[in-house]
Amino acid sequence: MTTVSIQKDDRQIMSGRFARILRRPEVGAAVAALLIFTYFSSTTTAFLSTAGVSTWLYSSSLFGVLAVAGALLMIGGEFDLSVGAMTGATGLIVGIMTTEYGINIWLSIILALSFALSIGAANAYISMKTGVPSFIVTLAALFILQGANLAITKLLTGTVSIQGMPDVTGYESAKAIFGSTLNFGGMDIKISIVWWLAVTVVASWVLLRTRTGNWIFGVGGAFTSARQVGIPVVKVRMGLFMATSAAGWLVGMLQLFGVSTVQATTGLGQEFSYVICAVVGGCLLTGGYGSAIGAAVGALIYGMTLQGIVFAQWDNNWLKLFLGVLLLLAVLVNLYVRRRAGDRS
Amino acid sequence: MTEILSVVNVGKSYGTVLAIRGISAEVVAGEVLCILGDNGAGKSTLIKILSGVHVPSEGTVKVNGVTTILSSPRDALDAGIATVYQDLAVVPLMPVWRNFFLGSELRKGFGIFKRLDAASMRSIAKQQLGDMGISLRDVEQPIGTLSGGERQAVAIARAVYFGAKAIILDEPTSALGVKQASVVLKYIAKARDSGLGVVFITHNPNHAYPVGDKFLLLKLGASIGYFDKSELTIEKMTKLMAGADEMSTLANELERKPGTRPSRKS
């Protein structure tokens, strides 16, 4: 027995409070966010102005809602690439139903949510029944939604964008919830930022403090083991897909009521942005590890960089280059973390 | 002597293939039953019957002396029979305490505020592991950072805590080095001393003999002997397992013919 305990003591030197903090998945992202914040704050004047702050916070919030929900799905070991197109699809559903057919705005919003939930359930069902990776299944869903967004919108309205939302009855009540602006100490805070924070808090609580959260880590970290200990693995993943689609719906509503219009191309080219946010925030691409707060910080990095580059008057193509480098660094850091944690699989 | 689990003349066929036949053995509280056999001897099939994965095609399974049909792993668990599989059913990146309670989490609070009782789970996990002789200062560390033997012990401690009367260990030492394997054998002895019935599956007589009380030797799906420790020596067991004839044939084959040793050229 003595030899065993000696081995253990060697190992425990690193497990102080400091080491425990360093082991948290979101630490790397927090450091990066601080550096980016400091850089743009000191090199541009607009970045720290009240208008500037509310701009990059708004931008971050839209990525953030998707990134946080997507992070949970990734921790559960799956992907959803269709969620970007889902923001467009749900916005268009509400836009077309209200402006073209005069259907009640709240009914339209609920129907758009049901649509999102059923697509999420379909993605889950197909990938789990057939064993086809969700990456492929949701890639297909992405194309289907993108194509349908454009084709159906053109077919029904003759244009590629929805006009006349503010004239719809009940518009104000929906705008109050999804598109209003709060004044907070002289700074305009879009309500989507509140949603972003709320989603992050709830997701983080579920992940770390509930049984469901434990199961999400289990399902993503070791699927067979999770099933052996009696976790309803199919239900867990089904729930995650549906929650991610619902987040797509929420962002769709936030965009629609934030700017009062929606383009049929909404979400185009955004397939990977939330995945990037989640990975930069410490999620492993292979599942089983990550954090909701990290994903929110990842979205903050995305938003700050997106707007900071505009404020600094750089060519905005630098954004992609920067994100690519950041993603690569994040993946390498995550890999290192995983090795340290002794995952030999 | 309380018999927890026993099989009487069980057999299992998959379609036309007879995997095992006519096997009887019993698991007694505070004893270790070792099941030995080469690959393909039918060990896995027998485990699957004991752990409720398969229902035997013939013969009976008895729990506490009563004939019972274990039709699912859940049934077996409810009857107090826990199986620790080779992959241990742990999630490497999750902290030790979360792994310990995975699938059977303790919760507190009501309605939507129902949440994990993390503090209790941490202290219970720590204490249960302490009882097994593993003292971790930090149950927050990912279970993947523990050694193979320690992980095995966590899986055993987990089974014991969740009410197992009998635990089935599927080749717990096969993937381990000499030192780690001896650590696991100590944990098996510890579990036995605490009054559990242990089924220890292995193909290594050197691991089985020191810790076992009864030995069931399997070969090609049939029992080639069911012994009490007093009736058996390790040499006899090794011989039976390898098949004495086969072993001597092998020794002949491997022996160098005189003059075949390559001569060294300078």
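Reader: At roughly what angle do the axes of α9(A) and α14(A) cross?
Author: This is a predicted model, so local features need pLDDT of at least 70, side-chain atom pairs need 80 or more, and totals for chains, interfaces and linings use all residues. Residues are numbered from 1 along each chain as its sequence is written, with chains lettered from A and ligands numbered from 1 in written order. Helix α14 covers residues 292-311 of chain A, and its axis comes within 8 Å of that of α9(A). The two axes (lines fitted to C-alpha atoms over the stretch in contact; angles run 0 to 180 degrees between N-to-C directions) cross at roughly 150°.

Reader: Which orientation does that give α9(A) relative to α14(A)?
Author: The crossing is at roughly 150°. Angles over 145 degrees count as roughly antiparallel, under 35 as roughly parallel, 65 to 115 as roughly perpendicular, and the rest as oblique. Therefore α9(A) and α14(A) are roughly antiparallel.

Reader: Which residues of α14(A) meet α9(A)?
Author: Contact means C-beta atoms, placed from the backbone, within 7 Å. From α9(A) come A:W196, A:T200, A:A203, A:S204 and A:L207. Their partners in α14(A) are A:A292, A:I293 and A:A296.

Reader: How is α9(A) oriented to α10(A)?
Author: Helix α9 spans residues 191-209 of chain A, and helix α10 spans 211-221. Their axes lie 5 Å apart, at an angle of about 75°. That makes the pair roughly perpendicular.

Reader: Which residues of α10(A) make the contact with α9(A)?
Author: On the α9(A) side are A:V206, A:L207, A:L208 and A:R209. On the α10(A) side are A:T212, A:G213 and A:I216.

Reader: What box do the C-alpha atoms of chain B fill?
Author: Among chain B contacts between residues at least 6 apart in sequence, 68% join residues at least 24 apart. Along the principal axes, the C-alpha box is roughly 80 × 60 × 35 Å.

Technical notes:
Helix = DSSP H or I, 4+ residues; strand = E, 2+ residues; numbered from the N terminus. Contact = placed C-beta atoms within 7 Å.
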